[in-house]
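Here is a short report on one protein model. Keep the sequence and the 3D view open while you read.

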Amino acid sequence: MAKLSSGPATNPQDVLTVSTVQETDLGAKVESSDGRIFRYARVGTTVLVPATLIQAPAEVTNHQGRTPAAAAIGDTQVSVGLGATAADIDQYAGGYLVVTNINGAGGGYAYGVRSHAAVASSGTITVFLTEAVASAITASSTIDFVANPYNRVVINPVTTPTSAPIGVALGNPGASSYCWIQTHGPAIVQSEAAITVGASAAVGTTFAGTVRNAVGSESLTPIVGYALTGIAASEKGIIYLTID
């Protein structure tokens with residue numbers, strides 16, 4: 001396995017190494033000597049499987065469309081009432097507080113989340129931001145919380161997507177572990193159905209974590225790469241990943 005070149009990550013672990021402690025920032029990007037790109041991620045509650053397509057953590061519906069308390073320009077924390085789903089400590093650290101309303105009341109800004117405490121169902125979450133509020137937030141603003149896409153990643157589901165595909169698993173890192181996932185360049189991926197050489201590879205719709213020919217499906221599922229060779233149904237083969 002090729003070693004990683006220097007990049008934004010500090011002393012990154014080999015791409016096949018799994019750790020129980022965080023070694024660098026989630027989402028840190030590094031490149032191997034042969035041009036492949038990898039991102040640093042934390043696994044969710046389920047063990048990953050080699051060569052499977054990986055999705056960002058599922059959105060939490062009850063943490064979207066929420067009403068905040070007022071926050072003035074220059075404030076570095078915002079309090080927001082959540083719906084009937086609890087939030088774990090730092091669930092949104094490294095992610096975003098997004099002011100989604102179309103007009104006025106601070107709309108159109110996304111602020112990085114530095115930290116927050118755990119919050120019970122229907123409680124109020126106070127998030128500490130990585131930058132100051134740039135446009136005043138009021139009780140008429142609308143807030144969405146979006147997690148860091150590399151925090152608590154999961155195998156891409158076969159049902160209706162709950163987020164977006166972000167890479168391919170390397171090995172089978174365990175639940176809550178830290179690892180690298182591949183996001184660009186030649187990568188081995190599990191096929192769902194036969195894939196034609198040179199064809200666009202889309203997210204599978206029958207088996208979780210797979211890809212398939214994108215013919216006729218481009219408008220329905222994300223394209224994640226292109227087949228470097230033909231791949232038989234239910235086999236693993238090489239596609240050129242274009243997620244990053």
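The sections below cover the model, a sheet, a pocket and some single residues.

## Basis of the model

This is a predicted model, in which local features need pLDDT of at least 70 and side-chain atom pairs count only at pLDDT 80 or more, while totals for chains, interfaces and linings use all residues. Residues are numbered from 1 along each chain as its sequence is written, and side-chain values use heavy atoms, with hydrogens and water left out.

Five strands form an open sheet in the order 4-7-6-5-8, with antiparallel pairing. Its edges are strand 4 (77–81) and strand 8 (143–146), each of which pairs on one side only. From one strand to the next, the twist averages 40 degrees. Two terms apply here. Strands (E, at least two residues) and helices (H or I, at least four) are DSSP runs, numbered from the N terminus. Two strands pair if DSSP finds at least two bridges between them.

Leucine 97 stands opposite tyrosine 111 of strand 6.

## The largest pocket

The largest pocket has a volume of about 340 Å³. Its lining counts 20 residues, and Ala56, Pro57, Ala58, Glu59 and Ala147 lie nearest the centre. On a 1 Å grid over the protein atoms alone, a pocket is an open set of points, where a 1.4 Å probe fits, with protein on both sides within 12 Å along at least five of seven lines; lining residues have an atom within 4 Å of a point. The volume is the space filled by probe spheres set on the points, which are joined across faces, edges and corners.

Strand 8, an edge of the sheet, and strand 9 (151–155) each supply at least two lining residues. Strand 9 gives the most, with three. By class, the lining has 10 nonpolar, seven polar and three charged residues. Here Ala, Val, Leu, Ile, Met, Phe, Trp, Tyr, Cys and Pro count as nonpolar, Asp, Glu, Lys and Arg as charged, and the others, Gly among them, as polar.

## Positive phi in two loops

Most residues other than glycine have a negative phi. Alanine 51 has a positive phi of about 70 degrees. Alanine 51 sits in the loop between strand 2 (37–43) and strand 3 (53–55). Its relative accessibility is 5%, so alanine 51 counts as buried (under 20% relative accessible area; exposed is over 50%, partly exposed in between, with a 1.4 Å probe and protein chains only).

Aspartate 90 also has a positive phi, near 55 degrees. The loop between strand 4 and strand 5 holds aspartate 90. This residue counts as partly exposed because its relative accessibility is 30%.

Threonine 210 lies in the loop between strand 12 (200–203) and strand 13 (211–213). At 4% relative accessibility, threonine 210 counts as buried. Its side chain makes a polar contact with the side chain of glutamate 192 at 3.4 Å (N or O atoms within 3.5 Å, one able to donate a hydrogen and the other to accept it; residues adjacent in sequence count only if both atoms are side-chain atoms).

Proline 68 is in the loop between strand 3 and strand 4, and is buried at 5%. Proline 68 and isoleucine 125 are 57 residues apart in sequence and 9.4 Å apart in space, C-alpha to C-alpha. Glycine 225 belongs to strand 14 (residues 223–227) and is buried, with a relative accessible area of 0%. Glycine 225 and proline 68 are 157 residues apart in sequence and 40 Å apart in space, C-alpha to C-alpha.

Terms used. Axes fitted to C-alpha atoms, helices over the stretch in contact; angles between N-to-C directions.
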